[in-house]
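Open the model in a viewer and keep the selection panel at hand.

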Amino acid sequence: MAHDPYQILTHPFSLEGYAVVITGAGGAIGGATAHVLAQAGANVVVSDLNLENAEKVAATVQKATGRETLAIRTDVTSETEQQALVDAALKKFGKITALINNVGWGEYTPLWDVTVDYMMKSYLLNTVSAYNLSKLCMPHLRKQENASITISGSAVGTSPSPEFISYSNAKAALLHMSKSIAAMSGPEVRCNAIVIGSVDNGEATLNAGYDPEMLKRLADSFVLKRRGAPFDIAYAFNYLLSPAAAWVTGIHLHVDGGGSYKSKMPTSD
Amino acid sequence: MQALKPFALDGQVAIVTGAGAGIGRAIAELFAQAGAAVAVSDLKKDTADEAAAAITAAGGSAIGVACDVTSAEARQALVDAALAAFGKVTILVNNAGGGGPKPFDMPLDTFAWAYELNVFSVFHLTQLCAPHIQKAGGGAVLNITSMAGENKNQRMASYASSKAAENHLTRNIAFDLGPKGIRVNAIAPGAIKTAALASVLTPEIEKAMLKHTPLCRLGEGRDIANAALFLCSPAASWVSGQVLTVSGGGVQELD
């Protein structure tokens with residue numbers, strides 16, 4: 001029989017030879033993802049608005065894994081800087097195998113206190129940037145084996161989250177977009193999203209309006225009784241980018257401790 | 001090789017039902033390769049033994065167990081056999097299942113049988129294994145369901161609704177077993193090139209299926225096995241209650 005139905009890949013989760021662009025990689029989840037992907041064999045472009053953070057992650061990852069990294073400052077709301085990111089990635093690694101649209105930001109806002117300008121800026125940062133960067137990368141991705149785009153979604157984009165109205169709407173749109181991209185980009189390029197639950201990313205969560213008491217109640221509400229670690233998300237990216245997921249596209253993988261149904265800010269009662 | 005550690009199953013003991021062929025066998029073989037000892041269960045004893053022997057020959061650890069998962073006694077015997085051979089159970093893969101298009105006028109027994117096979121057996125085996133998985137320090141239950149659990153079509157009332165029940169069983173049991181350190185997830189496969197599918201697949205049907213599949217090919221056993229390994233490995237330690245669709249991005253239906 002020419003076709004072996006039980007043929008198993010030697011290293012299904014290996015990313016040997018991949019060049020991966022990660023936005024927002026100076027932060028906790030993006031940084032852990034850069035680390036895990038490099039450990040699995042990838043070279044990584046670490047893009048962040050904050051160059052210092054990007055450089056720190058790039059240097060740490062390179063030292064720990066021996067893989068090549070490139071730190072670059074990118075304001076993803078700027079088309080010029082997006083193009084510069086793609087150009088720099090191609091110049092450094094000669095190809096782009098995977099794009100991770102990880103950058104995103106939102107904060108607590110009372111439902112009716114959001115201005116049109118604020119809402120538009122949220123869409124520009126969380127949704128439109130991912131659309132345009134995907135568009136810029138697509139011709140380069142199409143040339144690579146098992147190429148993919150993966151999106152950092154959020155649990156607030158899947159259930160009513162009036163506390164984060166601008167952010168949650170933008171994330172919902174982003175998730176929907178990932179399915180549309182998937183439908184049109186095969187068979188060369190896969191597109192998936194990770195629906196991320198409440199991850200302990202240090203200061204960033206506190207800055208978004210949570211206090212430690214709220215976070216404890218949130219953790220207790222999850223099936224697995226803990227908030228996520230950045231590495232929990234990073235390993236999911238590893239799976240979705242790898243040959244192991246070669247037949248996976250258009251999915252929303254929830255990595256949320258089983259607790260996404262309670263994604264809203266918990267109150268004391 | 002430290003990079004691949006998160007996806008390793010060293011020291012784990014897995015029960016995989018329906019593992020004599022197709023998707024189940026691919027899962028059993030990959031889990032063994034990832035370091036788990038595997039109880040390979042199949043309706044037919046010789047098929048189970050053959051799959052277990054292939055794993056052992058490749059340097060893995062496995063036993064073959066005959067099990068009709070619709071029999072409560074056989075389910076208990078399967079768990080007992082795994083415990084006797086390997087001393088513990090940490091992973092249960094409920095892969096055995098089946099059914100297909102049935103006319104709306106089917107006898108009620110036919111309808112009930114889909115639930116016996118695809119829902120009751122899964123629930124009871126999970127009930128039987130949970131205390132042992134908890135005792136072993138936690139682990140994972142994985143249910144192999146079907147895209148049919150989401151699709152809508154004629155003549156699919158029994159099979160598709162039973163698979164939808166299995167999906168929702170997964171989401172709910174996750175809450176029961178989470179506090180015991182047991183994660184519960186499912187994979188909903190699209191059309192996978194197995195012997196079971198080959199019996200009904202024609203070139204015309206395949207062509208129609210691929211028209212609705214962004215990745216332009218049907219699935220292989222290993223596509224599901226890889227997803228299964230991810231979900232049962234430490235890499236997915238914060239993932240529970242999920243139904244992961246592995247379908248090439250599309251919907252494949254027989255008609």
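The model is predicted: local features need pLDDT of at least 70, side-chain atom pairs count only at pLDDT 80 or more, and totals for chains, interfaces and linings use all residues. Residues are numbered from 1 along each chain as its sequence is written, while chains are lettered from A and ligands numbered from 1 in the order in which they are written.

Select chain A and colour by secondary structure: eight helices and seven strands (DSSP runs, H or I of at least four residues for helices, E of at least two for strands, numbered from the N terminus). Its C-alpha atoms fill a box of roughly 60 × 45 × 40 Å along the principal axes. The radius of gyration of chain A is 18 Å, which agrees with the value near 18 Å for a compact globule of 269 residues (taken over C-alpha atoms; the rule is 2.2 Å times the number of residues to the power 0.38). Of the 269 residues, 54% are buried (20 or more other C-beta atoms within 10 Å of the residue's own, placed from the backbone).

**Chain B, strands 2 and 3**

Next select residues 37–42 and 61–66 of chain B: strands 2 and 3 run parallel, joined by six bridges (strands pair if DSSP finds at least two bridges between them). Within the pair, Ala39(B) has Ile63(B) as its bridge partner.

**Chain A, confidence**

Then select residues 260–264 of chain A, where the pLDDT is below 50.

Notes
A residue is buried if 20 or more other C-beta atoms lie within 10 Å of its own, exposed if 12 or fewer, and partly exposed in between; C-beta atoms are placed from the backbone. pLDDT is the predictor's confidence in each residue, from 0 to 100. Two residues are in contact if their C-beta atoms, placed from the backbone, lie within 7 Å.
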